[in-house]
Amino acid sequence: MDALKRRTRVLTGRCQGFDCQVPLAEIVSGHTGIGIAQLTKNGPGSELVAPGQAEVPA
Amino acid sequence: MSIGQHFKVAIIGGGPAGIGAAVGLAKRGIGPVVLIERRAELGGTPMGYRKKPGGVPTFVEWTRGRMVFGEELAGRMVQRLAKTDTAIRLSTQVTKIVPAEKRLTLLGPEGVCELTADAVVLAAGAREQTPAEKGWLAGARTARVSFTRHVTGWLDNHGLLPARKPVVVGSDLIAYSAAAKLRAAGSDEPVMLDRRQSPSAGFLERLFFRRWTRPDWSGGVTAAEIMGDRAATGVQSSDGQEWPGDGVMVCGELVPNTELALLAGMAVELPSRQLQLARSQALSQPGWFAAGTVIGGFHGAQWCFFNGRRVARTVARFL
């Protein structure tokens with residue numbers, strides 16, 4: 001996610017990530033096939049949610 | 001770039017206040033009206049508070065003695081809007097403003113376009129303060145430092161727990177609802193800390209959330225730091241007290257979304273970002289008005305809706 005932020009300035013605009021962080025994670029997960037629970041901000045150990053979970057779709 | 005449709009009124013923001021304004025204007029027979037919404041759906045903030053079995057009822061309002069969830073409440077407002085002939089532009093942002101001519105440049109799914117209006121209502125709502133904006137919460141920007149919006153996003157849409165041992169920073173109604181949601185989803189009892197000596201949520205509000213959570217409260221924290229290298233591992237105060245956890249939720253304390261007002265050169269107080277309002281919610285340029293949480297403070301969806309209706313009256317008088 002940090003890599004994207006550096007390259008595209010996503011998460012740094014009007015809402016400062018307030019509205020866009022979760023939708024962004026959804027988009028990244030959709031494109032890369034990495035589960036949302038496994039997405040990291042900056043490498044292993046920086047998962048966006050508490051690690052070791054499986055997603056339960058709503 | 002397509003040049004100009006002209007509207008009587010342009011409303012920026014499709015949340016309760018924007019919808020209230022559109023409904024109010026339609027009732028007065030003013031048109032055509034255009035409603036511009038940044039997201040792909042109408043309803044604004046309360047839309048994010050889904051009704052779930054076993055979930056914590058948050059963002060509720062009492063109507064005729066019955067509790068109504070955020071999602072339902074916003075849904076009803078959207079239905080009322082559908083009965084009017086307001087033009088709606090979803091997934092559209094305002095990128096440029098010429099305030100005197102009330103000319104807006106929009107970026108939407110069909111590209112860039114321009115429109116003009118006789119009056120503009122700013123109903124952009126508010127967001128939560130970032131740690132940097134709080135000014136007393138320092139530390140690294142690690143992963144798992146989240147807003148309440150993220151908590152509801154992870155929990156309600158993905159069934160993911162943002163933290164097992166959450167540290168909640170802030171103590172208003174939003175912070176309590178976040179704590180309750182986390183607890184109900186299976187986290188440990190949250191730690192809650194704030195600069196204030198006593199929680200900013202009222203006694204009855206705290207009583208309501210006691211059903212789900214009794215956060216471990218620490219008040220009077222004057223300066224603190226988010227600990228952690230890759231992900232947050234807790235919060236440490238300047239006098240050495242530590243609250244370990246595996247995620248920090250930065251909750252409440254809303255900042256009005258006044259970026260557009262700044263863009264238009266309106267009078268805005270900085271750094272608080274509060275709009276300087278003349279009477280009847282008029283902004284510093286003629287023909288510009290504001291409604292809803294963008295005017296500052298902490299308000300329920302219903303209040304915003306009625307505030308939107310009220311601004312419609314003012315706009316009608318202006319036209």
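Predicted model: local features only at pLDDT ≥ 70, side-chain atom pairs only at ≥ 80, totals over all residues.
**Entry 1. The interface**

I began with the contact between the two chains. I found 33 residues of chain B in contact with 30 residues of chain A. The area buried between them is about 2,700 Å², and carbon and sulfur atoms give 54% of that area. B:W154, B:H158 and B:L160 supply 24% of what chain B buries against chain A, more than any other three residues.

I also counted polar contacts across the interface, and the count is 15 residue pairs. Next I listed the elements that give two or more residues to the side of chain B that touches chain A: β6 (93-98), β9 (126-128), α4 (148-158) and α7 (259-263) of chain B. Of these, α4(B) gives the most, with seven residues. By type, the residues on that side divide into 12 nonpolar, nine polar and 12 charged.

**Entry 2. Salt bridges between the chains**

Side chains of opposite charge can pair when their charged atoms come close. I looked for such pairs and noted 13 salt bridges over all chains, with three of them across the interface of chain B and chain A.

A:D19 forms a salt bridge with B:R38, where the closest N and O atoms are 2.9 Å apart. This pair crosses between chains: A:D19 is in the loop between α1 and α2 of chain A, and B:R38 is in the loop between β2 (33-36) and β3 (61-63) of chain B. A:D19 also meets B:R39 in a salt bridge, at 3.4 Å from N to O. I noted that A:D19, B:R38, B:R39 and B:R149 are linked in a network of salt bridges.

B:R38 is partly exposed, at 33% relative accessible area.

**Entry 3. A salt bridge within chain A**

I moved on to A:D2 and A:K41, whose side chains meet in a salt bridge at 3.1 Å, N to O. The pair links distant parts of the chain, 39 residues apart. A:D2 is in helix α1 (residues 2-8) of chain A, and A:K41 is in the segment after α2 (21-32). I checked the accessibility of each partner. A:D2 is buried, with a relative accessible area of 17%, and A:K41 counts as buried at 16%.

**Entry 4. A salt bridge within chain B**

In chain B I looked up B:R103 and B:E114, whose side chains meet in a salt bridge at 3.3 Å, N to O. B:R103 lies in strand β7 (residues 103-108) and B:E114 in strand β8 (residues 111-122), so the pair ties together parts that are 11 residues apart in sequence. B:R103 is partly exposed, with a relative accessible area of 24%, whereas B:E114 is buried, at 14%.

**Entry 5. One loop residue of chain B**

Last, I looked at B:Q197. Where is B:Q197 found? The residue is in the loop between β13 (191-193) and α6 (203-209) of chain B. I read a relative accessible area of 65% for B:Q197; the cut-off for exposed is over 50%, so B:Q197 is exposed. Leaving out residues up to four places away in sequence, B:Q197 touches B:W217, B:G219 and B:G220. I also took the separation of B:Q197 from B:T92: 105 residues in sequence and 42 Å in space, C-alpha to C-alpha.

Key:
Residues numbered from 1 in each chain as written. Chains lettered and ligands numbered in written order. Heavy atoms only, no water. Contact = heavy atoms within 4.5 Å. Buried area = accessible area lost by both parts, 1.4 Å probe. Salt bridge = Lys/Arg side-chain N within 4 Å of Asp/Glu carboxyl O. Polar contact = N/O pair within 3.5 Å; in protein donor to acceptor, adjacent residues only side chain to side chain. Helix = DSSP H or I, 4+ residues; strand = E, 2+ residues; numbered from the N terminus. Nonpolar A, V, L, I, M, F, W, Y, C, P; charged D, E, K, R; others polar. Buried < 20%, exposed > 50% of the residue type's maximum accessible area, 1.4 Å probe, protein only.
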